[in-house]
Amino acid sequence: MAERRGNWDKAEDDLPVYLARPGTADQVPRQKYGGLFCSVEGAFESKTIDFDALSVGQRGSRTPRTAGRETGQEAQSPVSDNKISPEGNVSPRVGIRTSGGKEVLPRDRSDRLLVKGGRIVNDDQSFHGDIYMEDGIIKQIGDNLIVPGGVKTVEANGKMVIPGGIDIHTHFQMPYRGTTTVDDFAQGSKAALAGGTTMIVDHVIPDPGCSLMEAYDQWRQWADEKTCCDYSLHVDITHWNDSVKQEVDTLIKEKGVNSFQVYMAYKDYYQMSNSELYDVFTFLAERGGIAEVHAENGEIIAEEQARMLQMGITGPEGHVLSRPEELEAEAVFRAITIASQTNCPLYVTRVMSKSAADIISQARKKGNVVFGEPITASLGTDGTHYWSKNWAKAASFVTSPPLSPDPTTPDYLNTLLSSGDLSVTGSAHCTFSVAQKAIGKDDFTQIPEGLNGVEERMSLVWDKAVTSGKMDENMFVAVTSTNAAKILNLYPRKGRIAVGSDADLVIWDTDCIRTITAKTHNSAAEYNVFEGMELRGAPQVVICQGKIVLEDGNMHIIAGVGRFIPCSPFPDFAYKRIKARKQLAVLRAVPRGMYDGPVSEFSMSRGGTPSASARTSPTKQPVRNLHQSGFSLAGNPALCGEPIIFVYETS
Amino acid sequence: MSDCRRQWNREDELPVYLAGPIPTGQNLRKTYGMFSSVEGAFESKTIDFDQYAVGRRGSRTPRSGSRERVLDAGDPVGKTSSEGREGSPTDSHGETDDVRPGVVVTQSSAKESPDGESGRLLIKGGRVVNDDQSLYADVYIEDGLIKQVGENLSVPGGVKVIEANGRMVIPGGVDVNTCLMKPHLGAQPADGFLQGTRAALAGGTTMIIDHVSPEPGQSLLEAFECWQEAADKKACCDYSLHVDIPQWNETVKDELELLVQDKGINSFQVYMAYKDVYQLSDSELYEALSFLKQLGAVVLVHAENGDLVAQEQRKILRMGITGPEGHPLSRPEELEAEAVFRAITLGNRVNCPMYITKVMSKSAADTIAQARRKGSVVFGEAITASLVTDGSHYWSKNWAKAAAHVTSPPLSPDPTTPDHLNTLLACGDLQVVGSAHCAYSPSQKAIGREDFTLIPEGTNGVEERMGFVWDRAVAMGKMDENQFVAVTSTNAAKIFNLYPRKGRIAPGSDADVVIWDPDSSKTITAKLQQSTSEYNIFEGLECRGGPALVLSQGRVVYEEGELQAQQGAGQFIPRKHFPDYAYQRVKSRNQAQSKQGVTRGLYDGPVCDVVPTPKYITPSPSARTSPTSHQPQPIRNLHQSSFSLSGAQSDDYIPRRSGHRVVAPPGGRSNITSLG
């Protein structure tokens, strides 16, 4: 694969595709065979992996797939797209023009789009090719495509065309003590699109004790009303009992949710005990779900918070002091242990510290199925700001686990991301206004947790990892979109530029430099944690659902066009290994003859020592009770001298 | 240190009197003549530990008199009485004429006819091996104390002389982990204090620290007294006690304080396993650690994730696996490593020294090694069984054999584990070797014949401990003799604040001395052991190295296979709190780590209203557990009531959000003004 990519990469980056063409050896011969008359369908066969053969949720066209599950939502989506208003945009680099054919009129309806002369970058290879989209689906890829007339054309001029980003972790419009985060689904998804992210996955957070299903419906309603891009949902499991179990089952089977988050922090609220985690993981492993975990040791945090407040530390620095990174590492370690016991794929959200990342990479080396998600903030900034003299600034960095005060952390996490030890990037976008943050002005434990990042995510990864030479463009695509799609079982519908995939594309400008500031960002938050940061690399054109939503800084979005994308269980990316291990890990008892030696007298009273865990074991046969009562006559076990020995007859 | 050791090592094979003329250091000193004070003669050889020592004292009596007065009142008496009882020297007197190849005990014919009475003893011509250096020297012992170490000692006449013939003279072993009275479902282990300490002495261990295991709900003090009474009656060697903490509450706190202040206990064990019985939650552990740290105690941790063990046990039983193989299957080593990691994290947070008992697996040992590299104050204890054998025996077809190996955490089925642990022990990543001797007879083990969770847990090992460390680590070339002394006695004595009374051969130390024969070889078998357990998990293994002669309290208790232990001779050794070895670093970290808040102006910008009964509380609900949340300002409460009337919050968010934007400009500018 690397070789093939090498061919394409050779110094043609800056040349428009038509200039680059004559030099390449591979494409020209193929033209000879069929010329213009060869079937377009086959033309790309050698360039793009024929994933249809491999994929799980494969299908020929869009309709059969969507018709299966998300019927309710689909109805509205393909139609409404009148917003692509700008007609004669003449941009310096990317030209969009409509070929003056007969089909000029229904342009808006049919949604045909041709991206010409781009370098298509997937996670496995890069190659030059044109992309033809129709009805929100990529229909053809290749050179000299045969397209109907009247198609709007975007000239990529040799720039990178990448799959739209997938932000696997957002909290838009999240309720918080009667208020909500300032970015609702419209505002948030607008910011996402502005940053080159064409799909978001939001967290549904039911209150402990409330129905998961109700919360899910509520989030669906909010999102369907407002999102501008496709979305999917994680559901957080905030308590655990049989009815929750039922609901999780239904969500997996009928509602298109395959990832569930559990909390190891927030004592007495969301936190789950080790036993509960074990149960949840066991259940999810059976049903093909992904267990996501917020990894922090909540019990120690509670103690530390109490200690900090006792010491009189009430400002935001108390937040990071009471949640030192070893508590994160400890919880990650524990979560991995439980997941490996239950043979369940684990996804660690928000990897914020070096030590937590190290634990994940060690576990991966040992073979555990675990994915780590650093977030925009942990890749771009550090926790020194908690000591800022400006309370509002310090408070705006408050998130859990906190940013590490170690300033080398972002660099380290970028390195692990590049090497593949961490798998995906999220943003954990969860923005509060300064007034909301000020709820905790006298007590850091009351500061609402969350920071921005959905808009900056792609640029930041490009700037920190790709321009610094840690990562290549293919890996960039993998960590910003493809891996997320694989984990959620949306691949290759999302996260790949291939025939049949959704037409979510970004034309990426590798050289554009912009300065992040709250004045110009699309989020409603008043403060941006990346304020003043210069980032190289930005989306130039963003195409979502086959429509241009961003071009030359102008956004054309409509709230409510975002569709819910259902995720199916048992994603191959995580479960192929799990399934194989399940078969291997069958335990067998040793067949041996009955022990027929003497058995000592014992009392099953409350004096159970080391092995008293038997008390919790459900399989205590009544047989043993009979023995016990019969033998208690033999002597007084309380006399702790010589053990009373007798012969036990095996019947 | 290594330099000077090397000097001495060169002469390994030579008897002391041949080797004597060569070394330079000693020759020089010898020129000062025979009239120089013997007390100062060894100054340059032995570190003057008296200066550093915590529990230091010139002679035995003053030390014990300091704090542990309550206990020690009987101490001097017991001492004399035990000496009066001393029958062994007379016994051994009869053997003086025996011509032994190795160790020769002779009685210099002199005026002091009642030979044993004074307990005077001279070990001549041995190579004294401490944890820091080895040197050829004679050791003179009187009244159960080492009085002089050096060459050409001036000793009174009529002293019994033991010829070591150039063999190693090492401090007696300290076994920090035995359970000789741990009840299991009402049954006592086969080896009580008598048999256990006899076995210990036979293996070259002259002191044990036993675990007091109170039942949940039982008073720690009562349990401690029960244990102490039993041990005083039966123990043949000096002993001390750890106290296990089965549950955490206020009364336990008071008892702990009493135990530390008055009873001479400085180590307590907490459990992360045994769900619903002994297990403490993370919060309880945090509190327990904070408290014990203030008392200056060492916290011992049984590290296994009890929640998961319970789940796994249930799963395994459900699968129909009831034999002993279910034990390791339900307690995979990951759970041990996880708990070790958690324990260390807790220790770091509280800044409390942690001691991990029974390190049984590679991953747990590696976790400890890594933590030490990062600077955590943590000690790891390998046990005899984990250093020698592995968990493949759980799959034995012989139920009794498989059950005999049952202990927690279980022996790792990975056969490379013992080797790995020996390596870590040799390089200092693990510090101590215990035995976790807790021997149950097969009939007692058979309590769990239909359910592995009922099998009493424990293996033997007190007798084999020293020999196997020598065999597996020193004879294999992993470890030198000094490190051998360190892991078998000195480190343990340091951690539990017995040093230099125990764990060192130096003037003033207790006369617990072993003459070690590195060449002896024996095959372990239950038939020849001192322990009364019918099954020995090391059965059939060959072991090089063993004690040729063991002195406990200045008396010969073991000599060439003959055990002359005396029941009840053992004394309780009280231990003071704040052992330097563990607490020196902790103390300076305490000072270095004091945290300070940031002084900033008050935030005077807009504040959002919240519903205090957190109908919708999200990522930061930890607030509820914080103590300050109990005092929300009354002002906010007023707001709350007014707003709850205003309508459903879910409809309000849009206008309210825009409102916020107006009042708080980007960057919270209002705050800057307040800072001036």
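# A walk through a predicted two-chain model

A:Cys344 is buried, with a relative accessible area of 2%; buried here means under 20% relative accessible area, exposed means over 50%, and partly exposed lies in between, using a 1.4 Å probe and protein chains only. A:Cys344 is in no disulfide, and the nearest cysteine sulfur, that of A:Cys567, is 16 Å away.

Residues are numbered from 1 along each chain as its sequence is written, and chains are lettered from A and ligands numbered from 1 in the order in which they are written.

How confident is the predictor? For the complex it gives an ipTM of 0.74 and a pTM of 0.76. Chain B has a mean pLDDT of 78, and 73% of its residues reach 70 or more; pLDDT is the predictor's confidence in each residue, from 0 to 100. Over residues 1–101 of chain B the pLDDT stays under 50, and the model has 137 contacts beyond four places in sequence for them, a contact meaning heavy atoms within 4.5 Å. Residues 109–116 of chain B also have pLDDT below 50, with 11 contacts in the model beyond near neighbours in sequence. Where pLDDT is low, the predicted coordinates should not be read in detail.

UniProt, in an unreviewed entry, places the feature "domain: Amidohydrolase-related" at residues 160–549 of chain A; UniProt positions are given in the numbering used here, feature names are shortened, and annotations may be inferred rather than shown by experiment. In the model, this span of chain A is 39% helix and 19% strand, and the end C-alpha atoms of residues 160–549 lie 17 Å apart. Helices (H or I, at least four residues) and strands (E, at least two) are DSSP runs, numbered from the N terminus.

Chain A has an open sheet of 7 strands with parallel pairing, in the order β7-β10-β11-β12-β13-β14-β15; two strands pair if DSSP finds at least two bridges between them. At the edges of this sheet are β7 (165–170) and β15 (370–374) of chain A, each pairing on one side only. On average, neighbouring strands of the sheet are turned by 25° against each other, direction ignored. Helix α12 (residues 274–287) of chain A packs on the sheet and touches β12, β13 and β14 (346–351) of chain A, its direction making about 175° with that of β12(A). Such axes are lines fitted to C-alpha atoms, for helices over the stretch in contact, and angles run from 0 to 180 degrees between N-to-C directions. Within the sheet, β12 (residues 259–263) and β13 (residues 290–294) of chain A pair in the parallel sense over 5 bridges, and A:Val262 stands opposite A:Val293 in β13(A).

Now turn to chain B, whose secondary structure comes to 26 helices and 18 strands. Of its 676 residues, 63% are buried. Among contacts in chain B with a separation of 6 or more, 78% join residues 24 or more positions apart.

Since 8 of its 9 residues are buried, β2(B) is largely enclosed by the rest of the structure. A hairpin joins β2(B) to β3(B) through 4 residues, and β2(B) pairs with β3 (residues 134–142) of chain B in the antiparallel sense over 7 bridges. There, B:Leu121 stands opposite B:Ile141 in β3(B). B:Leu121 also has B:Lys160 as its bridge partner in β5(B); β2(B) and β5 (residues 160–163) of chain B pair in the parallel sense over 4 bridges. With β6 (residues 168–171) of chain B, β2(B) pairs in the parallel sense over 2 bridges, and B:Arg127 stands opposite B:Met168 in β6(B).

Chain B also has an open sheet of 8 strands with parallel pairing, in the order β7-β8-β9-β10-β11-β12-β13-β14. Its edge strands are β7 (173–178) and β14 (432–434) of chain B.

How values were computed
This is a predicted model: local features need pLDDT of at least 70, side-chain atom pairs count only at pLDDT 80 or more; totals for chains, interfaces and linings use all residues. Side-chain values use heavy atoms; hydrogens and water are left out. A disulfide is a pair of cysteine sulfur atoms within 2.5 Å.
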